[in-house]
Amino acid sequence: MAIAISQEAFDAMVRENMEDLGMDPDEALADAVEALTLQCADLSGIIKRVPGEAAAAEVSPVVRVLDELKASHSASSGSEQDLDGLVSLLDELRGLCSSGEGSENAAIAVRNGVVEALVALCASARVQQERLLASALKTLSSVLRDVASTEKFRQSEGPKIVMDLLKGGSENSDLLDAGFSVVAAGSAGNEVVKESFMDLKVDELILQVMKDKSKTNVQSLYDAIRVLLTPDDNRVVASQVYGYSRRFAEIGVAEVLVNALREQVAPSSLPSACAALKSIAVNDEICRSISESGGIDVLLQCIDEAGEQKNKVIARSCCSLLSKLAASDANKSAIIQRGGFDRFLKLTSRFSEDPAIVQEVMSMVTVLTLRSPENAARAVELGFGTLAIQSMQRFPSSGQTQKQACLMIRNLVVRNPENRTKLLNDGAEKFIRKAKALHGSCKDAASSALRDLGLDNYNA
């Protein structure tokens with residue numbers, strides 16, 4: 001675990017190297033950095049400077065802009081000219097935190113009070129000052145990158161302030177997009193911030209916004225749903241997000257998301273919308289309700305269109321969501337009855353050189369054939385056994401593709417002994433053993449596939 005260190009402590013160590021050990025400035029600075037790194041100190045956001053030679057604002061443009069922003073905010077009279085100046089500084093700060101050195105710049109800004117300053121600016125601005133608020137919120141989302149920053153956000157009452165702004169500015173798409181980007185950034189990796197937003201009924205606000213068809217392309221809204229429902233805080237033993245997913249489903253967010261996929265979502269937002277719906281589909285009941293709302297029909301249509309348009313991003317996201325829905329046995333039948341197997345083969349033919357798409361299709365077929373000999377028989381009849389072997393042959397360096405092919409082969413043969421001979425005659429054993437030898441991640445899946453193919457020496 002990294003040891004926290006302040007800018008003052010770092011400066012004191014450099015100064016001690018110079019004064020007590022007689023090092024020259026550059027040597028003293030380099031020695032301090034090396035020594036603290038070896039001690040596992042967290043140097044993110046520390047300005048590596050020689051004390052006394054330059055002020056922090058001179059060393060770091062982030063500190064300079066942040067100091068100007070704080071001063072301008074304090075002196076602002078609310079005039080149009082003052083607002084223009086604040087927006088200009090916010091845009092400059094956001095640019096610095098989004099550049100090639102954005103991660104380090106954001107860390108420096110957080111150490112120097114940027115989160116508190118931006119939350120205070122949002123709290124003091126009027127809802128009518130939409131341009132200023134949108135810029136401040138976008139800048140805030142650009143610096144919320146770790147637990148240290150999201151904790152400062154929480155302690156500054158950021159969740160409540162952002163929720164108030166979202167409720168007051170729900171007619172402005174730019175403000176909504178900026179606000180929900182803060183919800184996503186602030187909740188990432190922080191279970192307590194997630195809980196704060198849920199206590200403030202962010203799920204009900206999201207539903208309200210999504211029911212307005214003109215707001216369904218606010219992409220950050222979908223990102224916010226996904227992050228809120230992802231158990232990504234490794235400090236927590238038992239996350240509450242499963243319960244949050246059920247809350248989202250119970251109030252109707254899943255149904256509205258299906259309607260959005262059917263009618264309104266722009267292609268650029270569709271992958272995010274799929275990821276949001278996938279995060280809600282946490283149990284059989286919810287998966288079936290999504291199907292009953294027309295979700296499977298919509299996704300199969302989107303998969304067809306993605307194939308025709310050669311849009312691999314949409315194809316992958318739709319396949320991934322459909323795999324999640326296929327965990328429900330009732331949905332397995334619905335997918336197959338609607339020609340799912342044929343559509344998936346057509347998709348792989350259009351993306352035959354893309355292992356990521358082929359992998360998603362094999363994952364989906366693996367789910368569809370789980371505990372279902374009828375589906376396994378149909379899948380082999382249509383050529384999915386051949387697809388698995390061809391994929392292993394075509395993408396030998398893709399460990400994940402090799403592993404997924406092994407998993408699919410298992411389900412195709414474990415309850416269908418008649419399929420074993422066909423796959424073995426097509427050379428399955430050779431490619432599975434090769435995958436097992438080349439990729440450590442494939443070892444267990446490959447051994448299981450060889451065993452289920454009826455081979456005695458599957459552990460060899």
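**Group meeting: helices, ring pairs and cysteines**

Let's start with residues 294–340. The chain there is 83% helix and 0% strand, and the end C-alpha atoms lie 15 Å apart. Helices here are DSSP runs of H or I with at least four residues, strands are runs of E with at least two, and both are numbered from the N terminus.

A word on the source. This is a predicted model, where local features need pLDDT of at least 70, side-chain atom pairs count only at pLDDT 80 or more, and totals for chains, interfaces and linings use all residues. Residues are numbered from 1 along each chain as its sequence is written, and side-chain values use heavy atoms, with hydrogens and water left out.

Next, the domains. The protein divides into domain 1 (3–53), domain 2 (101–239) and domain 3 (352–459). Those bounds come from an automatic or database domain assignment. The centres of domain 1 and domain 3, over C-alpha atoms, are 55 Å apart.

Now the rings. How many aromatic pairs does a search of the whole structure find? It finds 2. Rings of Phe, Tyr and Trp (its six-membered ring) pair if their centres lie within 6.5 Å; planes under 30 degrees apart are stacked, over 60 edge-to-face, the rest tilted.

Take Phe153 and Phe197. Their ring centres are 6.3 Å apart and their planes are at 35°, so the pair is tilted. Phe153 sits in helix α9 (residues 147–155) and Phe197 in helix α12 (residues 191–199), so the pair ties together parts 44 residues apart in sequence. Phe153 is buried, at 0% relative accessible area. Buried means under 20%, exposed over 50%, partly exposed in between (1.4 Å probe, protein chains only). Phe197 is buried too, at 0%.

Then Phe341 and Phe384. Centres are 5.3 Å apart, planes at 50°, so this pair is tilted. Phe341 belongs to helix α22 (residues 340–350) and Phe384 to helix α25 (residues 384–394), so the pair ties together parts 43 residues apart in sequence. Phe341 is buried at 2%, and Phe384 at 0%.

Last, cysteines. The whole structure has 0 disulfides; a disulfide is a pair of cysteine sulfur atoms within 2.5 Å. Cys319 is buried, at 0%. Cys40 is partly exposed, at 47%.
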